[in-house]
Amino acid sequence: MSTSGMRDYLDGPHKAARDVVRAALAAHGEMADLAVRLPRDEYRDKVLELLLESAADGLPARGYPKEYGGEGDLGGFIAGFETLAFGDLSLMVKAGVQFGLFAGAIQHLGTERHHERYLADAVSGRLLGCFAMTETGHGSNVQALGTTATYDESTGEFVVHTPTPAARKDYIGNAARHGRMAAVFAQLVVGGESHGVHCLLVPIRAEDGTALPGVTLTDCGPKLGLNGVDNGRIVFDQVRVPREALLDRYAQVDADGNYTSAIESPDRRFFTMLGTLVQGRVSVGGAAINASKVALTIAIRYGAQRRQFGAPGSSEETLLLDYRMHQRRLLPLLARTYALHFAQAELVEEFARVFNDDRDEHDRRALEAQAAGTKALGTWHATETIQVCREACGGAGYLAENRLATLKADTDVFTTFEGDNTVLLQLVAKGLLTDYRESFGKLDPLGTARFVAAQAVEIAVEKTALRPMIERLRDVVPNRSDAADPDAGLRDDAYHSGLVRFREEHMLSGVARRLKAGIDAGDEPFEVFNRCQDHVIAAGRAHVDRVVLEAFQAAVRDAPEEIRARLHDLYDLHALATIEAERAWYLEHGRLSPGRSKAITALVNELCAAVRPAAVELVDAFGVPGSAVEVPMVVPSQHE
């Protein structure tokens, strides 16, 4: 296998954008331990300095229109942003706030006058900004935010106000030290009528760094991680901004106080506005996956040189990575990282296609669901992977100088910012249930009857020993291909797809039946949904597991000949480890027999052994710059 060939394939069409960031990270070797070396305020100012350097190098401009100094390459912009996660994660997050969220709000929610006045300065870093959405009392439930922006016809201004302590803007990046303007999400009140959440540009800090009149800025204080980002709190006390401060792509207020919008439904208008900001969610998921690559590169390289114990009577100790349990800990995570990488690559291409072509609402909703699911699984994966890598490196992994401690602290919040993962999987499942309901509603009476009958048969079969018996027969009486290779059936892509797709569809139909039964019984819809919430979220996760699996399948099919075999081993390891993790469910539902379940576990072990010789090459293919992973895990010779 060629490491360079695998790296080129992983980098895909945006290799140039990734390499620009790799080169910048390599040039700043000190970035790997900024969080350890510097006091907090110095650390924050250093991160700002690096942020402005990245702007001067053209990183953020890649994703913005050419008329504002950009390159109009959304896919390349996100690929470059993800690659920042190989370095200091505070820099990555601050870049996300400035160039993704603040500048993104101006671009996607504003109109030409906002673009002309602010966009070039935001993209260059000359105007440092905040994205003021989250409040102390409301995080994920953006529609219920408490901040108000009330139009005063007599002056032609909006009055931005924080009416209660719960409406204080909280956890806002760039607010505590550097931001001069905020994109503020508030309930828009015009003529005494509330029109829901809209976004306005509100100056918060003067050139000399002092808060403007009516604006109170406080620091959130030390955090678990990401202390190079100046998260702060903002309170507004009757702060006035001109009418033009409203980002009015989807709704306008004229000088006389007349509110108009081409989107009549307030709910649809709200979700359309939020949908334009999906870029942040796409970027965070990709950054988390890249943080996993850093941790695996460190841990697998360490396991390939660190020795411990050995065969009785032998004078040489055994490499950690040669122990089956060590392989079991790290190599399925390596395979899943590859799987998530390819799923993320598909998502980035879909994001660029939808936003470049300005597709219809259905495409955007589908993109939002895909981004939500990939972000949830990618960030949970990072949390698990970094912890396992830390343990796999023993005491060396606990030392701050070896990066894993910082990675662990800095990525922990990824599971809850840009959308709490549990809420995001609920969003995924709700979209699936909507599609399910629409498909069901389009069936004619005969089709409906057949559907219900099929469901009834499925339930009845599960309650008998029929399906386990069929599985046992398959185990005992192999087909022709199985006779030549007992594992042939288990390494069949169609077999993997069939199992994960069955689980997704079964869980979704089960949720639909439960919801329908509760509503038909006259129960309150909210209570019905609440009773089924765990089932709903599990169905959402099952769906994303299937999407990730099929993205990996497609990547293997399209891979160059020289790397395809190695990539297929990784794919099989990912697929079977995914099925193995849910084997209790498959056994309960008659889709696995005990014998086949044991065979899957045995094959996962064999695949770990097959992947092990190439493990170091497989992490080297991630292309993590040396300064990020050449940490001081010096392993002395056992003879010293």
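Predicted model: local features only at pLDDT ≥ 70, side-chain atom pairs only at ≥ 80, totals over all residues.
Let me begin with the secondary structure of the protein chain, which comes to 25 helices and 13 strands, where helices (H or I, at least four residues) and strands (E, at least two) are DSSP runs numbered from the N terminus. Residues are numbered from 1 along each chain as its sequence is written, and side-chain values use heavy atoms, with hydrogens and water left out.

First, the chain totals. Of the 640 residues of the protein chain, 52% count as buried, buried being under 20% relative accessible area, exposed over 50% and partly exposed in between, with a 1.4 Å probe and protein chains only. The accessible surface comes to about 26,900 Å², of which 53% belongs to carbon and sulfur atoms; these areas come from the Shrake-Rupley method with a 1.4 Å probe, and for residues only the protein chains shown count as cover. If we take contacts in the protein chain with a separation of 6 or more, residues 24 or more positions apart account for 74% of them, a contact meaning heavy atoms within 4.5 Å.

Now to the nonpolar cores. A core here is a set of buried Ala, Val, Leu, Ile, Met, Phe, Trp, Tyr and Cys residues joined through side-chain atoms within 4.5 Å. The largest one has 134 residues, and those with the most contacts inside it are L84, I300, L330, L334, Y338, F414 and F552. Helix α10 supplies the largest share of this core, 16 residues. Setting aside residues up to four places away in sequence, L330 touches L296, A299, I300, L321, V388, C389 and A392. There is also a second, separate core of 30 residues, which includes I106, L119, V123 and V142. As general background, nonpolar side chains in soluble globular proteins tend to be buried together.

Next, the aromatic rings. Rings of Phe, Tyr and Trp (for Trp, its six-membered ring) pair if their centres lie within 6.5 Å, and planes under 30 degrees apart count as stacked, over 60 as edge-to-face and the rest as tilted. By this rule the count comes to 12 aromatic pairs. Why is the pair of Y338 and F622 called tilted? The ring centres of Y338 and F622 are 5.2 Å apart and their planes stand at 40°, so the pair is tilted. This pair links distant parts of the chain, 284 residues apart, with Y338 in helix α10 (residues 324–357) and F622 in the loop between α24 (615–620) and α25 (626–629). Y338 is buried, at a relative accessible area of 0%, and F622 also counts as buried, at 3% relative accessibility.

The rings of F552 and Y571 have their centres 5.6 Å apart and their planes at 90°, so this pair is edge-to-face. Because F552 lies in helix α20 (residues 533–558) and Y571 in helix α21 (residues 561–581), the pair ties together parts that are 19 residues apart in sequence. F552 is buried at 0% relative accessible area, and for Y571 the value is 0%, again buried. Ring pairs link Y9, Y338, F342, F552, Y571 and F622 into a cluster.

Two charged side chains also sit over rings, in the sense that NZ of Lys or CZ of Arg is within 6 Å of the ring centre and within 35 degrees of the ring normal. K430 lies over the face of F529, at 5.0 Å from the ring centre, and R591 lies over the face of F502, at 3.8 Å from the ring centre.

Finally, the strands, which pair if DSSP finds at least two bridges between them. Strand β2 (residues 148–152) is mostly covered, with 4 of its 5 residues buried. With strand β3 (residues 157–161), β2 pairs in the antiparallel sense over 5 bridges, and T148 stands opposite H161 in β3. These two strands form a hairpin with 4 residues between them, and G156 in the turn has a positive phi of about 70°. Strand β5 (residues 181–190) pairs with β2 in the parallel sense over 3 bridges, where V189 is the bridge partner of T150.

Strand β8 (residues 232–236) has a covered face, made of G232, I234 and F236, and an uncovered one, made of R233 and V235. Strand β7 (residues 215–219) pairs with β8 in the antiparallel sense over 5 bridges, with V215 opposite F236.
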